[in-house]
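Subject: Structure for you to look at

Hello,

Here is the structure I promised to pass on. Please open it first, then read my notes below.

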Amino acid sequence: MENTKDLTEHSSRPERKRRDSFGMFDGYDSCSEDTSSSSSSEESEEEVAPLPSNLPIIKNNGQVYTYPDGKSGMATCEMCGMVGVRDAFYSKTKRFCSVSCSRSYSSNSKKASILARLQGKPPTKKAKVLQKQPLVAKLAAYAQYQATLQNQAKTKAAAVSMEGFSWGNYINSNSFIAAPVTCFKHAPMGTCWGDISENVRVEVPNTDCSLPTKVFWIAGIVKLAGYNALLRYEGFENDSGLDFWCNICGSDIHPVGWCAASGKPLVPPRTIQHKYTNWKAFLVKRLTGAKTLPPDFSQKVSESMQYPFKPCMRVEVVDKRHLCRTRVAVVESVIGGRLRLVYEESEDRTDDFWCHMHSPLIHHIGWSRSIGHRFKRSDITKKQDGHFDTPPHLFAKVKEVDQSGEWFKEGMKLEAIDPLNLSTICVATIRKVLADGFLMIGIDGSEAADGSDWFCYHATSPSIFPVGFCEINMIELTPPRGYTKLPFKWFDYLRETGSIAAPVKLFNKDVPNHGFRVGMKLEAVDLMEPRLICVATVTRIIHRLLRIHFDGWEEEYDQWVDCESPDLYPVGWCQLTGYQLQPPASQSSRESQSGSSKQKKKAKSQQYKGHKKKRKMPVGKKPVSLSSLPMTGGVRRSFSGDEELTPPPAQTAPEAFPPPSTSREFIPSLKTVTTLQLKEELIDGEDYNFLQGASDQESNGSASFYIKQEP
């Protein structure tokens, strides 16, 4: 018994010591001394309440203080002078910060302790004293804590807004239309999406059910927005009460017949289970002639998300500080086909550049030398262990051109998208003709004396245009900086500069049947900060040229991109690949940025990020983490950040019955028509057909370069 008592006594003392010192000050050890002295106050019988673990600790002049949140108020210990949260103080009267102070105050050492404090002598062990801080220091620290609380509240509110963004809510509430997946050939399933559309039936988890096991039910696509689909359980007819959004490429979406093949039960939702007594007959009638996903759909999704680029591969990429040259970089990570490249000379691996693996900005090792492009030699004399050159066949191919006949020449004038301000098309000049159809372009009036801001475009690039393109298509052309004869006239400018225009026939006039329409929603890379992908809208279409607007931002941040740009993605791409999507900016963020941009109109930066004007991210709008992003080569097995990705929960469950089984398996093809026979429900041997999705056949056509084709 004595041993047990001793263990209990010794184990309780460190616990009290921990609670006394936690959040208040370190090394407070009076509780570890003899505490047998009597106390006349009621406080001596109470235990110390531990301080909240999330309470911030502020150090001032060597002392540690804990300050309140404005609701509890502050209190000062009458024994040691400690300032802290009133509610965390000891006793009902909140006069002391700990049991030891309460007991010491009531003990015979009270007078000696107070006298020692007043005389500035070291406190005794029984009543350890902390120097009382001046009121000004306390108030200053308290004000600092209040400011911290306000900033945390703002950040939390913004973070909730960002995390709470839902493509489904955004599209539904505004009746938006999203660009179809077939518009993005570089995206997963972009070339094999088939005719997945409204009324296609799928098997999905049934959450309007309280069975302990996971069950499924059939749902139909009500609306399609990129990869996301608005689904309605079969049997709800026109009732949208339990409609829900989900990503069609998710792991819980299956073609009709999957449950039968996998032995999973089909259970009607609880809300409608009373509507029919024979659900099998209902399904036979509803699904006759309906379309469903191909049986190998999930396999195709997984295959389309396998990327040939791997970490440690070496490439040549544009130098973001000197556009006229390239540098060696190493693939750090691959996310959805997007590469985070780290320049080889970056010791801390923070000097990076984001682009897609099909971007025209990256090339195989040796490309610069082969065409005569400027190249920055690395100080690293040999490859680092594990690094290897990327095979040349993995890079995007450019169209072969014949430079033997009439061709571009140095000094010729043209119009080009400014790589440092992608919202403008400017007057430009060919500064150098390279091999294999590549050209070095300079923006008139904005060029550096050493040509460090020249940019490399291929002759077939959709970012360069013949003289007069903007005027004919009613696009504002940005004249050379400092040019005073406005409005700008090409005829006068060519005469004044003694220049000639590049021949129209040398430019790329191919206009593919891209499928984009004005007003369509998508996810687009902000080329000002290539690591960010934002909610965006197509606002204008000129042939193959798209004007991309970032929702919530002013038009000055728009950018011109090609319809086949690898920097555009379908709605739901970020969710599918695990990349962080930046939601539309709030009004307060726009106003804040508008004020700052007016005060900072500086000269064009030489660092290639896209736009000339830098955009501040709204509070809480954090860029995607470069190190914590998940690496995936297949389909994500779970989604987050969207409350409508799964059907709403339910309360009770009906009795389950086995799903209808098929008389034969689906043939893995996008163009298969499969006969589905439901057991016990065949009437006179009649067959019931499920039509598999057929592939879209996108045709590339050509059009007159000067005919306005803006839908």
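Start at one strand pairing. Leu439 has Tyr457 of strand S22 as its bridge partner. Strand S21 (residues 438–443) pairs with S22 in the antiparallel sense, over 4 bridges. Two strands count as paired if DSSP finds at least two bridges between them.

Before going on, two notes on the source. This is a predicted model, in which local features need pLDDT of at least 70 and side-chain atom pairs count only at pLDDT 80 or more, while totals for chains, interfaces and linings use all residues. Residues are numbered from 1 along each chain as its sequence is written, and side-chain values use heavy atoms, with hydrogens and water left out.

Back to S22 (residues 455–458). Both of its faces are covered. Phe455 and Tyr457 are buried on one side, Cys456 and His458 on the other. Buried means under 20% relative accessible area, exposed means over 50%, and partly exposed lies in between (1.4 Å probe, protein chains only). In a regular strand, side chains alternate between the two faces of the sheet.

Now the whole chain. The protein chain has 13 helices and 34 strands. These are DSSP runs numbered from the N terminus: helices are H or I with at least four residues, strands are E with at least two. Buried residues make up 50% of the 711 residues. The chain exposes about 34100 Å², and carbon and sulfur atoms supply 50% of that. Areas come from the Shrake-Rupley method with a 1.4 Å probe; for residues, only the protein chains shown count as cover.

Next, the core. The largest nonpolar core holds 136 residues, and Leu231 and Phe309 touch the most other members. Strand S27 (residues 533–542) gives this core its largest share, 7 residues. A nonpolar core is a set of buried Ala, Val, Leu, Ile, Met, Phe, Trp, Tyr and Cys residues joined through side-chain atoms within 4.5 Å. Leaving out residues up to four places away in sequence, Phe309 touches several residues, including Val315, Met357 and Phe395. Contact means heavy atoms within 4.5 Å.

How many disulfides are there? The count is 0, where a disulfide is a pair of cysteine sulfur atoms within 2.5 Å. Cys470 is in no disulfide; its nearest cysteine sulfur, that of Cys426, is 8.7 Å away. Cys470 is buried, at 1% relative accessible area. Cys312 is partly exposed, at 30%.

Last, Trp258. This residue is found in helix H6 (residues 258–262) and is partly exposed, at 25% relative accessible area.

Best wishes
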